[in-house]
Amino acid sequence: MMPLAIWILAIGAFTICTGEFVIMGLLPDIAGDLHVDIGQSGYLVTSYALGVVLGAPLLTPFLVSVRRKPVLIYLMAAFVLGNVACAFAMTYEHMLVVRFLTALSQASFFGIGAVVATQLVSPGKQASAIGAMFLGATLANIIGSPLGTMIGQNYDWRVVFFVIAGLGFVACLALAMLLPKVKADEKVDLRQEFSALVQPAMIKALVTTILGFGGVFTVFTYIAPILTGVTGIAAEQVPLLLLVVGLGMAVGNPIGAKLADKNLATAVPMTIFSLILSLLLFYVSMSSYIAMVIASFVMGIAMFSVIPPMQMQVLSHAGKSPLMSSSFNIAALNIGSALGATVGGMMLSNNISMTYLPFMAIGISAVGLFLSCMSMGGEKSAAQTA
């Protein structure tokens, strides 16, 4: 049985990831209200992802040796304020800026929160503690994102950000009242921390994460307009399809973890290849509602099956800097999502049909697959020595 404090961290993870992913289902509403096209609205995903990317190097190194409890509370409070600012955004440019600022706290919250989770349990339960915290992220895709999309469609997209801010405020109070004080690390050598990140094997692993995972966001960012504009489903049914994707993610995460435990060297290319196949299935299913339900579920499985192997791949090269390396892999995942969203937005802004987005997604992920295949020998030896 996990301590209550870990489930409080999971609530924080749920809130943050709902704030990150709910915008996929709200893009048509936000675009119409802020008077921009769908391609431009996709940059709201890009700006958030870049905030996560910059938050990792700007905040995490300087928070490692600070007391955990107040840091987590302050990070969540910053997220709350950011979502309130999103709800009041009157212009597209305002929304871009506040989405970026809101995201700065995410990588640090997850990186430090994961460390805190391991300190709250005995050594044999540390992996389960991290998994329990990250269950909040999974539930955000199953419950938070579809429900938020439904609220936005039935009321107003701004209401969604107020609700997310309210959840974050509850998480702040719960952290303040129920999270015990835990020991912080001793002062770290930042030069040593960053030296692990510039090793060739680490750089290759992070680039593989960016490209292998990032391609899918060329499609996933614009899933709502694809479903309504290409497949022809009613906007009210978009939350149902997002729920299907979320259920697939919940299935895919443990599959990826088991593959990584069994053979890390093959797990990374295998899961990237499965993601490419799922994107191909998504393309051929665009004109059929039933086929799209199946394809959305499969894409969800493939999306989250790649994450555990990529995380383990980075950690296998981390040496004495697992926290920084873990945070930077979260940053790499978000660089990938920013890349995919930006490329897709550029295509749509240049009047390229949404039906071609899966092909670009496949192309980006294929480069990541090539890099992972080139690294297979090195990953095997790194995993054996880790």
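Mentor: Start with the term you need for counting: helices here are DSSP runs of H or I with at least four residues, strands are E runs of at least two, and both are numbered from the N terminus. Also keep in mind that this is a predicted model.

Trainee: How many helices and strands does the protein have, then?
Mentor: The protein has 20 helices and zero strands. Its radius of gyration is 20 Å, close to the 21 Å that the globule rule gives for 386 residues, so the protein is as compact as a globular protein of that length.

Trainee: What box do the C-alpha atoms fill?
Mentor: Roughly 55 × 45 × 35 Å, taken along the principal axes.

Trainee: And what share of the residues is buried?
Mentor: Of the 386 residues, 57% count as buried. As for the surface, the protein exposes about 15,300 Å², and carbon and sulfur atoms supply 71% of that area.

Trainee: Switching to charges. How far apart are the mean positions of the positive and negative ones?
Mentor: They are 16 Å apart, for 15 positive and 13 negative charges.

Trainee: Now single helices. What span does α14 reach?
Mentor: Helix α14 covers residues 238-262, which is 25 residues, and it reaches 36 Å from its first C-alpha to its last. That is close to the 36 Å expected at 1.5 Å a residue. Its buried residues include V238, P239, L241 and L242, and also G246, G248, G252 and G256.

Trainee: What comes just after α2?
Mentor: H35, which takes a positive phi of about 60°.

Trainee: Let me pick some residues. Is T208 buried or exposed?
Mentor: T208 sits in helix α11, residues 200-214. Its relative accessible area is 0%, and buried means under 20%, so T208 is buried.

Trainee: What is T208 in contact with?
Mentor: Leaving aside neighbours within four places in sequence, T208 is in contact with F213, V268, I272, M310, Q313, G368, L371 and S372.

Trainee: And where is A338?
Mentor: In helix α18, residues 322-349. A338 is buried too, with a relative accessible area of 5%. Its C-alpha atom is separated by 9.3 Å from that of L44, a residue 294 residues away along the chain. With neighbours within four places left aside, A338 is in contact with T46, A49 and L50.

Trainee: Which residues does S278 touch?
Mentor: Not counting residues up to four places away in sequence, S278 touches V298, M299 and A302. S278 lies in helix α15, residues 264-284, and counts as buried at 1% relative accessibility.

Trainee: Last one: where does T138 lie?
Mentor: In helix α8, residues 126-154. T138 is buried, with a relative accessible area of 11%. The C-alpha atoms of T138 and Y289 are separated by 25 Å, and the two residues are 151 residues apart along the chain.

Terms used: Residues are numbered from 1 along each chain as its sequence is written. This is a predicted model: local features need pLDDT of at least 70, side-chain atom pairs count only at pLDDT 80 or more; totals for chains, interfaces and linings use all residues. Side-chain values use heavy atoms; hydrogens and water are left out. The radius of gyration is taken over C-alpha atoms; the globule rule is 2.2 Å times the number of residues to the power 0.38. Buried means under 20% relative accessible area, exposed over 50%, partly exposed in between (1.4 Å probe, protein chains only). Accessible areas come from the Shrake-Rupley method with a 1.4 Å probe; for residues, only the protein chains shown count as cover. Lys and Arg count as positive and Asp and Glu as negative; His and the chain ends are not counted. The place of a charge is taken as NZ of Lys, CZ of Arg, CG of Asp or CD of Glu. The expected span of a helix is 1.5 Å times one less than its number of residues. Contact means heavy atoms within 4.5 Å.
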